[in-house]
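Here are my notes on the model you sent over.

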Amino acid sequence: MLAGDAAGVSRPHTASGAVKALQDALCLERVLREGPTPAAALERYADERTAAGAHLVELGRRMGRAQVEETPDWAAMEQDEVDTWFRGVLAGTRHYLYEQPGAGVTA
């Protein structure tokens, strides 16, 4: 069985590894406790956690492209420009590091 980061490795610049690992572990513990059989529990785990893993992989790819293939001139950027750049890269996503509670991420 592959679960957690072994099933979908996200890049380190998503800054989500520990949080995702805890969420995966809590979900796995819960579904194994509640599931009628281990097989049913693992199926439920996959249903609940696959989308989150896929989202982080996609976010990491998008961030990697923006940082490596379209590298901004970091030295010439002021902090507000860096913030705007990150918001643009993350546009349309929810990420706990770059979103104020109750506010959407905007470019």
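1. To start with a detail: in what kind of contact do the side chains of R44 and E34 meet? They form a salt bridge, at 3.0 Å from N to O. R44 belongs to helix α2 and E34 to helix α1, so this contact ties together parts of the chain that are 10 residues apart in sequence. Bear in mind throughout that this is a predicted model.

2. Stepping back to the overall layout, the protein chain has three helices and zero strands. Read from the N terminus, the order of elements is α-α-α. Of the 107 residues in the chain, 31% are buried.

3. Back to the charged pairs. Side chains of opposite charge can pair when their charged atoms come close. Searching the whole structure turns up eight salt bridges. One of them joins E34 to R30, with the closest N and O atoms 3.8 Å apart. Both of these residues sit in helix α1 (residues 17-34), and they are four residues apart, or about one turn of the helix. With salt bridges counted within 4 Å, the 3.8 Å pair of E34 and R30 makes the list.

4. Salt bridges with shared partners join R44 with R30, E34 and E48 in one network. The other members are partly exposed too: E34 has a relative accessible area of 42%, R30 comes in at 23%, and E48 is at 33%.

5. Now for the nonpolar side. Which residues make up the largest nonpolar core? It has 10 residues in all: L56, L59, M63, A66, M77, V82, W85, F86, V89 and L90. Helices α2 (38-69) and α3 each supply at least two residues of this core. The biggest contribution comes from α3, which gives five residues.

6. Helix α3 has a charged story as well. On the surface, E78, D80, E81 and D83 gather in a patch of negative charge. Among them, E81 is placed in helix α3, which covers residues 79-90. E81 counts as partly exposed because its relative accessibility is 37%. A residue needs over 30% relative accessible area to join such a patch, so the 37% of E81 clears that cut-off.

7. Is D24 buried or exposed? D24 counts as buried, because its relative accessibility is 5%. For a distance check, D24 and T50 are 26 residues apart in sequence, and their C-alpha atoms are 9.8 Å apart in space.

How values were computed:
Residues numbered from 1 in each chain as written. Predicted model: local features only at pLDDT ≥ 70, side-chain atom pairs only at ≥ 80, totals over all residues. Heavy atoms only, no water. Patch = residues over 30% accessible without salt bridge, like charges linked within 9 Å, V, L, I, M, F, W, Y side chains within 5 Å. Areas by Shrake-Rupley, 256 points an atom, 1.4 Å probe, with all protein chains shown as cover. Lys, Arg positive; Asp, Glu negative; His and termini not counted. Charge placed at Lys NZ, Arg CZ, Asp CG, Glu CD. Buried < 20%, exposed > 50% of the residue type's maximum accessible area, 1.4 Å probe, protein only. Core = buried A, V, L, I, M, F, W, Y, C linked by side-chain atoms within 4.5 Å.
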